[in-house]
Amino acid sequence: MVLGFSIALIIFSLLMVLLVLLHKGKGGGLSDMFGGGAMSAGGGSAVAERNLDRITIIVGVGWFACIMILGLVLKYKS
């Protein structure tokens, strides 16, 4: 059970990193420093950005739940 939740946590963590990096930069941060500002000026679909927000929230909730369950399993295992 611990192994399964550990693997799920790794997968959720990698998905979170990928999804956060896919978001469009809002300006003034590291995205502008490394040339992301020129790409964000081209625009993008608001629907796609909203869907990406929703998917990121769902994966974030799964990531948080996985951490909580893994912590409880490890606490009550011994």
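Start by selecting residues 2–22, helix H1, together with residues 46–77, helix H4: the two pack at an angle of about 155 degrees, with their axes 9 Å apart. That angle makes H1 roughly antiparallel to H4 (under 35 degrees counts as roughly parallel, over 145 as roughly antiparallel, 65 to 115 as roughly perpendicular, and the rest as oblique). The axes are lines fitted to C-alpha atoms, for helices over the stretch in contact, and angles run from 0 to 180 degrees between N-to-C directions. H1 and H4 cross in a left-handed way, that is, the near helix is turned anticlockwise from the far one by less than a right angle (clockwise would be right-handed).

Before you go on, a word on what you're looking at. This is a predicted model, where local features need pLDDT of at least 70 and side-chain atom pairs count only at pLDDT 80 or more, while totals for chains, interfaces and linings use all residues. Residues are numbered from 1 along each chain as its sequence is written, and side-chain values use heavy atoms, with hydrogens and water left out.

Next, select leucine 9, in helix H1. Which residues does leucine 9 touch? Show Trp63, Cys66, Ile67 and Leu70, leaving out residues up to four places away in sequence; contact here means heavy atoms within 4.5 Å. Now pick the C-alpha atoms of leucine 9 and alanine 65: they are separated by 9.3 Å, though the residues sit 56 apart along the chain.

Move to glutamate 49, in helix H4. Is glutamate 49 buried or exposed? With a relative accessible area of 18%, glutamate 49 is buried (buried is under 20%, exposed over 50%, partly exposed in between, using a 1.4 Å probe and protein chains only).

Now zoom out to the whole protein chain. You'll find four helices and zero strands (DSSP runs numbered from the N terminus, H or I of at least four residues for helices, E of at least two for strands). Of its 78 residues, 13% count as buried.

Finally, colour by pLDDT, the predictor's confidence in each residue from 0 to 100. The chain averages 84, and 77% of the residues score at least 70. Confidence is highest in H1, at 95, and lowest in helix H3 (residues 36–40), at a mean of 54.
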